[in-house]
Amino acid sequence: MRTQSAPWRAAAVLASVLLVGGVAACGNSDTGGGGSKDDGKITMGFSQVGAESGWRTANTTSIKESAAAAGIELKFDDAQQKQENQIKAIRNYIQQKVDVIAFSPVVESGWDTVLKEAKDAGIPVILTDRSVDSADKTLYKTFLGSDFVKEGRLAGEWLVEQKKSASGPVNIVELQGNTGAAPANDRKKGFGEAIAANPNLKIIASQPGDFTRAGGKQVMEQFLKAYPKIDVLFAHNDDMGLGALEAITAAGKTPGKDITIITVDAVKDGMQALADGKFNFIAECSPLLGPQLMDLAKKVHEGQEVPARIETEETTFTTEQAKEALPNRKY
Ligand code: AHR
């Protein structure tokens, strides 16, 4: 549990005691005396977005396995894609006086109050996978995750190259992630900026499919009914693309041929669809953040300085590259 060794925590002790005093007074013997038990073990409270996609499942596994391997006690909460559940979980972790709080924010906005509560309690926060739009960067220690704008841009640049000799309009439909999520906002931005290089490339419809297969299928069905000529689908993740495949096939079209399909993530099922020629291109987003997260948790717990931003290394895949990579794909 928590130690008070980190110098920056000293100033926060009083606020911490005031904030959690109610819990201690209610008989939580584990936290007696208004201070924290110092058994040398780090406790991390982690609030996960949900279980919406193959990516998320792989991310959860990575975090749980890495915590066990690092000897970090993990308290894990699945927020079921709801911000209010994440705020509640973070408040619980503050009350329990965990050593470090980490979370992947379901949406970008609306975190300042609860982050301030954690800061006042002297508990360092690490953002992982997704970031927040808080102006006060001192509310968290670091952000570990992908550059989502870059993922969207790489997807768009590939399309620009593929369609460079198109003589007429190329109609694109877009399946967005959940509204307000950093990867939805950023992938849309990066993709839009890249395709602006060719005025023939037009996004004719863009709707959230919430990063789920069911959402992707349902929204794609609507697109197919509303727009007779769809040339390209850009899905913000593999799962929505996989859901869309069902809708496209049911509409009598051949995915990957009649409609070019670009997605993000590169989980196994997405890579299989790419290897099979049903998808055409994937920008990778790695969910294997657990080992780096645990390393960061140890460092911030010891009061070490860590970089404000740690970007995940990623690549892109064509069909040929997917065929090569699939046998060794870990997730
Ligand atoms: O935040 C990462 C995104 O969230 C992944 O691309 C998507 O699959 C997941 O749901």
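Predicted model: local features only at pLDDT ≥ 70, side-chain atom pairs only at ≥ 80, totals over all residues.
**Close-up 1. L233 stands opposite I261 in strand β9.** The strands β8 and β9 (residues 260-265) run parallel, with 3 bridges joining them. Over on β6 (residues 170-176), the pairing with β8 is again in the parallel sense, this time over 4 bridges.

**Close-up 2. Strand β8 (residues 232-235) has buried side chains pointing both ways.** V232 and F234 go one way, while L233 and A235 go the other. Whichever way they point, all four of these residues are buried. To get from β8 to β9, follow helix α9 (residues 238-250): the three elements make up a β-α-β unit, and its hand is right.

**Close-up 3. Strand β4 (residues 125-128) is covered on both faces.** V125 and L127 sit on one side, I126 and T128 on the other, and every one of them is buried. Coming into β4 from β3 (residues 100-103), the chain passes through helix α5 (residues 112-120), and this β-α-β crossover is right-handed.

**Close-up 4. β4 pairs with β3 and with β5.** With β3, the pairing is parallel and made of 3 bridges; A102 has I126 of β4 as its bridge partner. With β5 (residues 142-145), β4 also pairs in the parallel sense, over 3 bridges. Here the partners to pick out are L127 and, in β5, F143.

**Close-up 5. The structure holds 1 cavity of 30 Å³ or more.** How much space lies in the largest cavity? About 100 Å³. Its lining is made up of 13 residues, and the ones nearest the centre are W55, R56, R130, R187 and D265. Two elements, α3 (54-70) and α7 (182-195), each give two or more residues to that lining.

**Close-up 6. The lining of the largest cavity draws on two domains.** Domain 1 (43-146 + 287-313) and domain 2 (148-285) each supply at least three of the lining residues. Sorted by type, the lining of the largest cavity comes out as 6 charged, 5 nonpolar and 2 polar residues. For orientation, R130 and D265 are among the residues nearest the cavity centre.

Notes:
Residues numbered from 1 in each chain as written. Heavy atoms only, no water. 1 Å grid on protein atoms, 1.4 Å probe; cavity = no way out; pocket = protein on both sides within 12 Å on 5 of 7 lines; lining within 4 Å. Points joined across faces, edges and corners; volume = space filled by probe spheres on them. Nonpolar A, V, L, I, M, F, W, Y, C, P; charged D, E, K, R; others polar. Domains from an automatic or database assignment. Buried < 20%, exposed > 50% of the residue type's maximum accessible area, 1.4 Å probe, protein only. Pairing = 2+ DSSP bridges. Right-handed = clockwise from strand over helix to strand, strands pointing away.
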